[in-house]
Amino acid sequence: MSPCAGVALLLALLGAAPAGATVFADVGIESATDDNVSRSEKSDDIEQDRFAQATVRVGDAFEVGTGTSLAVNASVRAVEFRRFRDLSEVAGGAGLSLRHKFGLGADAPWLALVADGEFIDSDSYIRDGERYGAGLRAGTRLGERWSVAATLRHEWREADEDDQHLPPNRPTFPGVVASKRGDVFEFDATELTLSADYQLDGAWLLLGSYSLRDGDVVSTARPNATIVGAAKAITSDAAV
């Protein structure tokens with residue numbers, strides 16, 4: 001889904017929304033250090049870098065039934081790395097969440113079906129493509145201060161099939177596909193996340209989460225028997 005398609009979809013839904021709909025917008029700015037941007041196993045191949053990310057999201061939420069609400073949004077985000085500039089990217093897309101609350105009051109449990117997708121334009125052309133995700137979220141409040149939630153999400157990635165730029169000197173190994181472009185970025189994974197938050201007071205909120213992921217990982221490393229034997233596809237990577 002391209003950024004323009006995501007915005008067009010959102011505007012169409014906003015126009016069709018009932019009068020009681022609630023339009024929302026938010027801006028997020030993040031700066032952090034990734035201690036293994038290469039996702040490598042061997043210590044000699046591990047690289048770290050600091051990055052900054054800005055996200056803008058607009059959307060609409062409205063009631064579609066008793067205790068059931070639908071939220072739709074469009075977003076644009078930009079990521080800039082300090083050392084490995086080719087890892088920087090711009091992405092735009094859209095998402096939706098259908099949420100049902102089982103009962104009245106703040107302590108009533110809820111269940112949500114979520115789906116989203118985005119188009120990724122990376123400074124490293126082999127990373128161009130689309131990312132999609134869908135899953136279930138459930139949660140409840142435990143008293144006045146505690147909230148807990150669980151998310152089961154499946155995510156898949158599709159690489160850009162435009163082969164106008166081919167990586168030079170593509171490596172070849174027995175039994176491993178030498179990608180023309182971004183075959184290594186066509187993968188899927190399932191993730192389970194457990195989270196909790198505690199309201200300290202009106203201004204401070206403590207957050208914590210733990211995730212288990214089962215699926216493909218893209219790793220940049222010097223060729224070795226372990227990584228070549230485990231790889232489904234391989235290509236040159238000038239970014240790291």
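**View 1. The largest cavity holds about 40 Å³ of space.** In this predicted model, where local features need pLDDT of at least 70, side-chain atom pairs count only at pLDDT 80 or more, and totals for chains, interfaces and linings use all residues, a cavity is a set of points on a 1 Å grid over the protein atoms alone where a 1.4 Å probe fits but cannot get out, and lining residues have an atom within 4 Å of a point. The structure holds one cavity of 30 Å³ or more, volume being the space filled by probe spheres set on the points. Glu41, Lys42, Asp45, Ala221, Asn224, Thr226 and Ile227 line the largest cavity. Residues are numbered from 1 along each chain as its sequence is written, and side-chain values use heavy atoms, with hydrogens and water left out.

**View 2. Nine strands form an open sheet in the order 1-2-3-4-5-6-7-9-10, with antiparallel pairing.** Strand 1 (22-34) and strand 10 (205-215) are the edge strands, each pairing on one side only; strands are DSSP runs (E, at least two residues) numbered from the N terminus, and two strands pair if DSSP finds at least two bridges between them. Strand 5 (residues 110-122) and strand 6 (residues 129-142) run antiparallel and are joined by eleven bridges, with Ala115 standing opposite Ala134 in strand 6.

**View 3. Ala52 lies in strand 2 (residues 49-65).** Ala52 is partly exposed, with a relative accessible area of 38%, a class that falls between buried (under 20%) and exposed (over 50%), using a 1.4 Å probe and protein chains only. Leaving aside neighbours within four places in sequence, Ala52 is in contact with Glu30, Ser31, Ala78, Val79 and Glu80, contact meaning heavy atoms within 4.5 Å.

Definitions and conventions:
Helices (H or I, at least four residues) and strands (E, at least two) are DSSP runs, numbered from the N terminus. On a 1 Å grid over the protein atoms alone, a cavity is a set of points where a 1.4 Å probe fits but cannot get out, and a pocket is an open set with protein on both sides within 12 Å along at least five of seven lines; lining residues have an atom within 4 Å of a point.
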